[in-house]
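Student: Please take me through some local features of this model, one at a time.

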Amino acid sequence: MALTELLKKDIEEIIREKLKDKLKKLTTEPADMPFHFRLLGKKRMALYSFIHSINTIIGTSMYEKIAAKIAKENYKFVAEQATSGNHISKKAREEIQDILEKLNNSETVSNKIQEIEKLRKVASEGKKIKVTHTKIDLMIETEDGEQFLIDIKTAKPNIGDFKHLKRTLLEWVATRLFDNKEAKINTLIAIPYNPYDPEPYQRWTKKNMFDPKHDIKVAAEFWDFIGGEGTYEDLKDCFERVGNEMEDELKKCFDRF
């Protein structure tokens, strides 16, 4: 059993508070969608709006908070919405562009370890460039100083964002190495669950833009990574218990819609 009873209670409280707060703010009046209303009916669209709102709150507010809570039990340092650094070298930026072009043109398949070492070699070469990056959803550091910068994504992210996301991961590496060329650095995309289960997750791994072993962790790979074996199963049970506890409140909301 990966999660302690106390940690399970803390996680359930996060789920409960976020859900209750969202239910208070929900409106039964969906945005005006004249074509959808006429095709599917206003009541069905109102119900869709309700489900979509719950999905959104889980994706935007719960996963990150829960992941940080779990990681704090197992890692030396944990931070949410962190930054990787403010500067990158001109040579590192050129190296990133070269990596992306080769991947985009299918000239090579991503090998994250090699990509990091290429950036390490040029981390401080050339002009110093100031950069502003997307915030890191979750930053964790092991006792021996190895860092993992994690971007938590929805289960089915936009395929068109592949190149942009790969660039972000590489620039996180480059900015961290600019500040410390010897840093033990890893960057990851975390997918909280696999919508294709029991089939393997394929949405990202079909593209050579990402290294499946070192760029992406899906479902149990991610949760067990930050919390230990069994964390994913324990976490699903936490959601189920809160759902059972709040069944009457959820039913009242469904009935309103």
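Student: Where is proline 198 found?
Tutor: This is a predicted model, in which local features need pLDDT of at least 70, side-chain atom pairs count only at pLDDT 80 or more, and totals for chains, interfaces and linings use all residues. Residues are numbered from 1 along each chain as its sequence is written, and side-chain values use heavy atoms, leaving out hydrogens and water. A cis peptide bond, with omega about 15°, joins aspartate 197 and proline 198. Proline 198 lies in the loop between β6 (185–191) and β7 (216–218), strands being DSSP runs of E of at least two residues, and helices runs of H or I of at least four, numbered from the N terminus.

Student: Is serine 106 buried or exposed?
Tutor: Serine 106 belongs to the loop between α4 (90–104) and α5 (112–121), and its phi is near 60°, a positive value in a residue other than glycine. Buried means under 20% relative accessible area, exposed over 50%, and partly exposed in between, with a 1.4 Å probe and protein chains only. With a relative accessible area of 55%, serine 106 is therefore exposed.

Student: What is the relative accessibility of glutamine 81?
Tutor: Glutamine 81 is in strand β1 (residues 77–82). Its phi, near 50°, is positive although the residue is not glycine. Glutamine 81 counts as partly exposed because its relative accessibility is 37%.
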